[in-house]
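Hi there,

Here is the structure I promised to pass on to you. Have a look at it first, and then read my notes below.

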Amino acid sequence: MILLRLTARSLWHRRTTALLTLITIGFSVMLFLGVEKVRTETRNSFANTLSGTDLIVGARSGQIQLLLYSIFRIGDATSNVSWQSYELVKNHKQVAWTVPISLGDSHRGYRVLGTTEHYFDHYRYGNRHLLRFEEGRRFEDLYDVVLGAEVADKLGYKIGSEIVVAHGIGNASFSKHEDKPFRVVGILERTGTPVDRTLHLSLEALEAIHIDWKAGVRIPGTNVSAEEAARVELQPKQITAFLVGMKSKVATFHLQRSINNYRKEPMLAILPGVALQQLWDMVGIAEKALMLVSAIVVVAGLVGMLTVILTSLNERRREMAILRSVGARAWQILLLLTLESALLTLMGVGFGISLLYGGIVLAQPILESHIGVFIPLTPPSIYQWKLLGLVVVCGTLVGLIPGYRAYRYSVADGMTIRI
Amino acid sequence: MQAAIELEHLKFGWKPGKTLLDIDKLRVDRGERVFLQGASGSGKSTLLNLIGGVLEPDAGGVHLLDITLRALSKTQRDAFRANHIGFVFQMFNLLPYLSVLENVTLPCRFSHGRKDKAILRDGTVDESACRLLDHLELGHDELLRRPVTDLSMGQQQRVAVARALIGSPEIVIADEPTSALDVNNRDRFIELLLHECELQESTLMFVSHDPGLHDHFDRVIDLHHLNQNGSKQ
């Protein structure tokens, strides 16, 4: 007890250097814990992008490529799936539901997704949540559009706003379907998934706006008005991909194999969970590197503390000799310095935690809107506590180095005060 | 009479074969106040570390209060020192981050024996410290609250005396405690030190190179004569 008091008083006496050490450790711990937290949350939100879907089917390409363009809206499909093949799978006796997806157009940098209203019945994310409407309803009329939360938020659209879809992808597309404007009828709740950045409309609507287009350009001389287009039969001939839900999970592998071996059209069926995991493993390397770097920063912080304590040791030889003369045992001198670094590390960890949580409170909205990762203000997980505990243990062990040196000094110096 | 400090056939050298101290016999009785004179480099500090139990002699024995230090383990020697010996050093005796009062009561935090004795005598450890400080002319409240670094050198040395005497240790060792003081302060300091040791019946071993301080003491020991190794040179 007296040792703890002495340590605290002695640290307070040297509060400038002690504070700087504390800040160094605090920042390194903040970084370490922050990276770990962002990592966990990113992984969670990543794995939660899609749930409840048993298969994703698209044209034959790579597993990850299919996942990226169909779910994450990254990149493009190399080719499409014919409507006949879609119908074939849809009518399979083991299939409970299917949701077609058609991509390719955009609106001010956000992807436009053509689908059916089944999308709102079956698309699930996170812990099997269905999409919910913040405002409005599903698309019913041909020129209705439902916006993801971020689209509405960023572009300032409300129910009733008019939207023109651009042909192709990219913010500055020259060709726009301005002859067939859409009306916003619904805005979805925020999900933290790519759905937030998507405009949803019906497959028929996509057909309608392309009725007078061929191979990416408007057919010269033709001009079908919005009203005329609505009267034409708008049966899509092909789609980009589709989601499949099975009646029984057992049949999933069987169907997957059948689709992959289908002779008439090269198709690929993937299990979303497996593909998500595979994708994460690829992205995960960066995350591991980041974790390593932040761990090294913590080590640098502890080495900084070691330097400060070792430097102070020479000036404090007198202090040690005085303590020895009033009855401190040599091991108590060792303990005194170990306690000092333990105390500094502990306070540094505490400071780091408060810095991080303060930072989260401040940065939460920015992080969510800019990188789409929501960092909740939850207490550290058991694993994170273990990491923090490890930092304190390391800090304490580091203290053994000056502790041992002081021990040697005090054994050698005895009660002879050397200046 | 019981011996407070007794050295027998003591031999010590920092390096093997080079003996620094070779003392055949030295006996200081309990309650005695002796002046140990020795020039710098004569092995004074080494002798004090031997008596303090921090160093172990190469041969011979150190007996304090009829206890043979050699028979004790390192930790036991540390505990013995904490319980029975008070030290005053040359200068800067105090821990700068503790108050005057905390500095004085420090030995009671490391030794139950001295804490108990202080409480037995004055009721509480703080009371005991205040009594000693008062006797040493440091009793003003205003002074007690000041950081120790604000005290004059003479005041600091008197605080160190109070610390050495709290809990009435049987032996007090003062190592050149007056070398940083001017003559007026020096004589007053020695008077106070001797008076307090007498009150507490503590044995005082006062070490200095300064022969001018002889007059204050019952007995003067010249380390030069005592040390047979030294006299041979």
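Chain A holds 13 helices and 16 strands (helices, H or I, have at least four residues and strands, E, at least two; both are DSSP runs numbered from the N terminus). Its radius of gyration, taken over C-alpha atoms, is 31 Å, well over the 22 Å that the globule rule (2.2 Å times the number of residues to the power 0.38) gives for 419 residues, so chain A is more spread out than a compact globule. Along the principal axes, its C-alpha atoms fill a box of roughly 105 × 45 × 30 Å.

This is a predicted model, where local features need pLDDT of at least 70 and side-chain atom pairs count only at 80 or more, while totals for chains, interfaces and linings use all residues. Residues are numbered from 1 along each chain as its sequence is written, and chains are lettered from A and ligands numbered from 1 in the order in which they are written.

Now for chain B. Ser128(B) sits in helix H5 (residues 125-135). Is Ser128(B) buried or exposed? Ser128(B) is buried, because 26 other C-beta atoms lie within 10 Å (buried takes 20 or more, exposed 12 or fewer, partly exposed is in between, and C-beta atoms are placed from the backbone).

Strand S6 (residues 85-88) of chain B points Ile85(B) and Phe87(B) one way and Gly86(B) and Val88(B) the other, and all are buried. S6(B) runs parallel to strand S7 (residues 171-175) of chain B, joined by 4 bridges (pairing takes at least two DSSP bridges). Phe87(B) has Ile173(B) as its bridge partner in S7(B).

Enjoy exploring!
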